[in-house]
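Dear colleague,

I am handing over a structure and would be grateful if you could look it over. My notes on its aromatic contacts follow below.

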Amino acid sequence: MDQRDLMRGALKVSGVVKKGAQLKFGAIAMVVFFVGLLLLGMFFPAGQASAADCEDTGPGTADASAVSETDGSGNQATGTLHEQQVEYAKVIDNAAKKAKLPGRATLIGLMTAMQESTMQNLGHGHLDSVGLFQQRPSMNWGTKQQIMTPSYSAESFFLGRGTNDGLVDIKGWAKLPLGTAAQKVQKSAHPELYAGHETAMRKLAKDAGINLERGGSATGSADSAAAGDDSEPVTSENNGCGVAKPGAGGTGGSAGGKFTDGKQTWKLNNPRSVDEAIAWAKKNSGSGSSKEWYQRCLAFTAIVYGWNFSGVNYAIDHYSVVPKSMQHDGDRHPPAGALMYWDTGHRAGHIAVYLGDGKVASNDIMRPGYIDVVDAELFETKWGAKYIGWTPPIFPKAG
């Protein structure tokens, strides 16, 4: 019985208190009950992970289940909750050491996993989030089976995966507050929660025999300056020059390439090539789509090409930030991979990725929030939108 179970018992006791004389006896009973709780705590100390350490305190955090779910991959730790947490802590530390990262990186990883999953390899979470770090298959972190492999998800947290930044991609991470560094990778709706796990994770690391004072490299490179040495700041010249970011699910990021309409040719610098972008858009549409794209057409097109954000507030404005020479006003014959634009009568407008053969991948047109592959003309016939034109897949302000 942990403290949460005791609290539930206390609530049940308080729930049967009645008016009048019952209120007096109920109050006495409550005092006796809580004195008993204190005595119980004195003679039977709580386990290593207390309720305060493991509490699920907001959306985006995983169900704090004490029982690991199995996916049949044989990657689950066994034993008591604390024994499982020790084993997963070792996996996280091994991933950090393999990447030649210092003990500080391990501590950030432990704090993150404790907040996201109570250091459990969960098969569920917010939307399609799974695993120790609650990474999402739909966001290009890998397949569910891959993410449910603790060593894989830990490597992803440190090095990034596909288009997602890892800890080594965060400029100056070794000098940031621990919780801030975790948030820059996780992008949680509750960034303040990571820092609260530092004390407990230092104790867990000690129980696991992990050396948090271990030196290493801020970029995961064997010959770069140790992250523990604050004398050398991370700059644009030495940031991100360590271990290459792993791909996810067989894709991941060969950059750019060339794009042509048969008359002009443009060089692209997108994280994904056109072929990879089209494949990703198709994979994450229809039955592969998740309900997260409502009114996020510009964000979707940027993510299709491997960016984290477009850098522009409205879809209609993106057309104007693309150089004039790349704007094809009213042209209805774009090459596959192009970006197509519509004036919807609203401020934002609409943008979609052209897949070829008259089809585009777009949010909201068939189902609010979902991505579907539809005829490019559907926006005019269904929404009454006005077609503007197309541009190459250029994102001048993306990052």
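In these notes a residue is called buried if its relative accessible area is under 20%, exposed if over 50%, and partly exposed in between (1.4 Å probe, protein chains only). Please bear in mind that this is a predicted model, in which local features need pLDDT of at least 70 and side-chain atom pairs count only at pLDDT 80 or more, while totals for chains, interfaces and linings use all residues. Residues are numbered from 1 along each chain as its sequence is written, and side-chain values use heavy atoms, with hydrogens and water left out.

Rings of Phe, Tyr and Trp (its six-membered ring) are paired if their centres lie within 6.5 Å, with planes under 30 degrees apart counted as stacked, over 60 as edge-to-face and the rest as tilted; by this rule there are 11 aromatic pairs. One of them is stacked, because the rings of Phe133 and Phe157 have their centres 4.8 Å apart and their planes at 15 degrees. Phe157 is buried, with a relative accessible area of 0%, and Phe133 is likewise buried, at 0%.

The pair of Tyr319 and Tyr341 is edge-to-face, since the ring centres are 4.8 Å apart and the planes stand at 70 degrees. Tyr319 is buried with a relative accessible area of 8%, and Tyr341 is buried at 0%.

Beyond these pairs, Trp342, Phe379, Trp383 and Tyr387 form one aromatic cluster. Finally, Arg161 lies over the face of Tyr152, at 3.8 Å from the ring centre, where a charge sits over a ring if NZ of Lys or CZ of Arg is within 6 Å of the ring centre and within 35 degrees of the ring normal.

With kind regards
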